[in-house]
Amino acid sequence: MDRSAVRYKKQCAADTGERTLLKELAGERRRFGYRRLREMARRKGVVMNLKKVYRLYRELGLKVRRRGGRKRAIGTRAPLEKAARPNAIWVLDFVSDTLDSGRKFRVFNVEDQLTRRGLGVEIDTSLPGRRIVRVLDRLVATWGKPAMIVSDNGTELTCNAMLKWTTETGIDWHYIQPGKPMQNGYMESFNGKLRDECLNEHVFGSLSEARRIIEAWRIDYNEVRPHSSLEYLTPEEFAAAWTATNESSAVAPFASACHRARGRQGRPGSGEPASPATCRPTLTAPVRDGVDDVRPGRKNGSR
C-alpha cells in the first residue's frame, strides 16, 4: 500500500466528565468565564489545558452574557434542549391586536413544548411583569411546575418581579438570543395559528368579547384541531397517548398507531364504533353540515 493513501485519523476523547463538570460549574457561577471555570475545575481535581477548556466552553455555549444598564433576569447559560416529557418546558410570548375602536390590546400565550397544548391566555391593554407573575402562578397551580420556561427578552419577562419569581420557584428560565425569534419556534408557530385562525377572522368590539372568542379558540386548539406535528392528533390526545405509554421513546410510534386506529373507527365493515372525538362538535361544524353560519364579528363579511 502506498504511503500517500494512508492518513492518520485523529483520536478525540469524548470528554464527557469534563463537559458535565464545566456545565455544573457554569450553572453555579454564572458570571465566571472559562479561565475561572478552569481554576474551579482544578480545585476539584480535574486538570485541563486552557485551550481544551476554551474549546469545551465554546462547544457547550457557556459564554457569559453581557449585562445591560439595569438589573434584569438573564436566564440559563446552557443551550436549549427539546422537552422529553409533558410539562417539562413551557414556551411563552405576546401577540398584539386592536379592537374595532382602534384601541390596542395584547395577548399573553403559554404553550407546552412537547404536547403543543395551549396552557392559558391572558388578554388586556397592559400586561406588566407583576401581572405576568400572577398569571404564571395560576398556571403552575393548574398544570404543575415546569422545569424550564423559554421566552424572548421583552421587558415584562426580564424585570425584577420576574427575577424574584424565578428565584423563589426554582424554575430555570431560558432567554433566546435577541433578534432570533425562531429559537422559540414552537411559540412562533402557536402565535401564527392564533393570528391566522382567530385574530384575523374576527373584529372585536370589546375586551370581554376578545377574551371569550380567543379562549374558545384555545379550547378548540387543544381538543379538536389536529396537528400535523403530532401525527394529526390533538394536543389532548397526544398527551393522553404519552401518559399511557409513559416512555418518551415510544411517543411517536404510539401516536402513529392511535392515528391509524382513529382513522379506522366508524368505517363500514371495520366493526368499530365512531370515537367520541369524531362526534365532538367543532367551531366549524355548522358549515360542514351545510347549515348557514353567519357569525357576528367576522372580517370582510366572510363565513
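1. Helix axes here are lines fitted to C-alpha atoms over the stretch in contact, and angles run from 0 to 180 degrees between N-to-C directions. Helices (H or I, at least four residues) and strands (E, at least two) are DSSP runs, numbered from the N terminus.

2. A word on the source: this is a predicted model, where local features need pLDDT of at least 70, side-chain atom pairs count only at pLDDT 80 or more, and totals for chains, interfaces and linings use all residues. Residues are numbered from 1 along each chain as its sequence is written, and side-chain values use heavy atoms, with hydrogens and water left out.

3. Overall, the protein chain has eleven helices and five strands. Of its 303 residues, 38% are buried (under 20% relative accessible area, 1.4 Å probe, protein chains only).

4. Now to helix 1 (residues 16-28), which packs on helix 2 at about 115°, the axes being 10 Å apart. The two are therefore roughly perpendicular (65 to 115 degrees). On the helix 1 side, the contact (heavy atoms within 4.5 Å) uses Leu 21, Leu 22, Leu 25 and Ala 26, and helix 2 brings Leu 37, Met 40 and Ala 41.

5. Helix 2 (residues 34-43) also meets helix 3 (residues 50-59): their axes come within 10 Å and cross at roughly 115°. This pair is therefore roughly perpendicular too. Tyr 34, Arg 35, Leu 37 and Arg 38 of helix 2 touch Leu 50, Val 53, Tyr 54 and Tyr 57 of helix 3.

Terms used. Angles under 35 degrees count as roughly parallel, over 145 as roughly antiparallel, 65 to 115 as roughly perpendicular and the rest as oblique. Buried means under 20% relative accessible area, exposed over 50%, partly exposed in between (1.4 Å probe, protein chains only).
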